[in-house]
Amino acid sequence: MFTPAELLDISTLLTPENKIVILTHYNPDGDAIGSSLGLKHYLRAKGIPAEVVVPNDFPKFLKWMPESKKVIIGEYKRKYAFELISGADVIFCLDFNSPSRIGLLGDWLTKAKAKKILIDHHQQPEVFDFVYSDTVIPATSQMIYHFIEAMNDENLVNQDMAECLYTGIMTDTGGFRFRSTSATTHRIIANLIEKGADPSIITSNTWDTNTVSRLHLLALVLGRIEVVNDGKVAVLSLTRNELKEYGFQKGDTEGFVNYGLSIAGVKMAAFFMEDLYDDFIKISFRSKDDVDVNQFSRKYFSGGGHINAAGGKSNESLPDTIETFKKRIEAEEF
């Protein structure tokens, strides 16, 4: 958490007169949007307006959250996003550890004269004016709740805030299944429920939204799932042509990698997908126990993230990327 002196400095910055912008990472997920909107609702409860800006669009299954329709999407409104960032007095940087993680907004953030406040749970954060970094906490949305606590503003938590933060924590913990989910996490979830977050409605709005195209793509992935490395590693993949054939939309492949990890005996799962427009491969890694996919991804696939959840990329073809991956894991002790 921020030090008492830092919290005092931050509190002096949070005024209605200051222009405040909230940024999150490229390809925003549930925690990115949940933490950003949760913080926006908190600031609003204090009488402080703020704008949420994201680099690119986010999945439809997250657009039920309060104020989600008012998120500024940089790739659609470049001029407005630039004006907001360059003219800001305070910029909250949520759920990313480096300007390079926010796409076209990164250069604008670096050049902005605003005070930059980082709240993030990824490893190896870069330098910001104020840094609250904790890799043990499972979701940035939980860190936003801790920040609200530290500001002695728990009494301001309302239903809108609770719904957004609950969604962020739920999605980044895999429905509270991941090892990083703590007793503290569950206590916060209980508090959010008491403030108006309805678990059944949030779960339905977020996860019970399958389209026929998503189920077709899932059937393809599961139909050719491969288990290698003596049954310890699962490999899943999709081609660009398959994405096009079934009308892929952003978010359709969310969680596919977890099906590989659900296989008995599997310690690590990797999902490889050709980008829809550019010639590179997106990779999602998940693992169990002490299998560190963060270091693995950093070492071999220009990525990173958490010990048990990370992302990466490859400029090789899909078949070559998978073959390279298989060779890499042979050298690792899983």
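In this predicted model, Thr324 touches Phe301 and Glu316 once residues up to four places away in sequence are set aside. Thr324 belongs to helix α13, which spans residues 318-330, and its relative accessible area of 17% places it among the buried residues, because buried here means under 20%.

Pro66 is found in the loop that links β2 (51-54) and β3 (72-73), and, with neighbours within four places in sequence left aside, Pro66 is in contact with Leu37, His41, Asp160, Glu163 and Cys164.

Elsewhere in the chain, six strands form an open sheet of mixed pairing, arranged in the order β7-β8-β9-β10-β12-β11. The edges of this sheet are taken by β7 (226-228) and β11 (304-305), each of which has a single partner strand, so that one side of each is left without a neighbour in the sheet. Strands of a sheet pair through backbone hydrogen bonds, in either a parallel or an antiparallel manner. The antiparallel sense is seen between strand β10 (residues 281-287) and strand β12 (residues 309-314), which pair over six bridges, and Phe285 stands opposite Ala310 of β12. Helix α9, comprising residues 212-223, lies across β8 (233-238) and β9 (268-274), and runs at about 135 degrees to β8.

Note on methods
Residues are numbered from 1 along each chain as its sequence is written. This is a predicted model: local features need pLDDT of at least 70, side-chain atom pairs count only at pLDDT 80 or more; totals for chains, interfaces and linings use all residues. Side-chain values use heavy atoms; hydrogens and water are left out. Two strands pair if DSSP finds at least two bridges between them. Helices (H or I, at least four residues) and strands (E, at least two) are DSSP runs, numbered from the N terminus. Contact means heavy atoms within 4.5 Å. Axes are lines fitted to C-alpha atoms, for helices over the stretch in contact, and angles run from 0 to 180 degrees between N-to-C directions. Buried means under 20% relative accessible area, exposed over 50%, partly exposed in between (1.4 Å probe, protein chains only).
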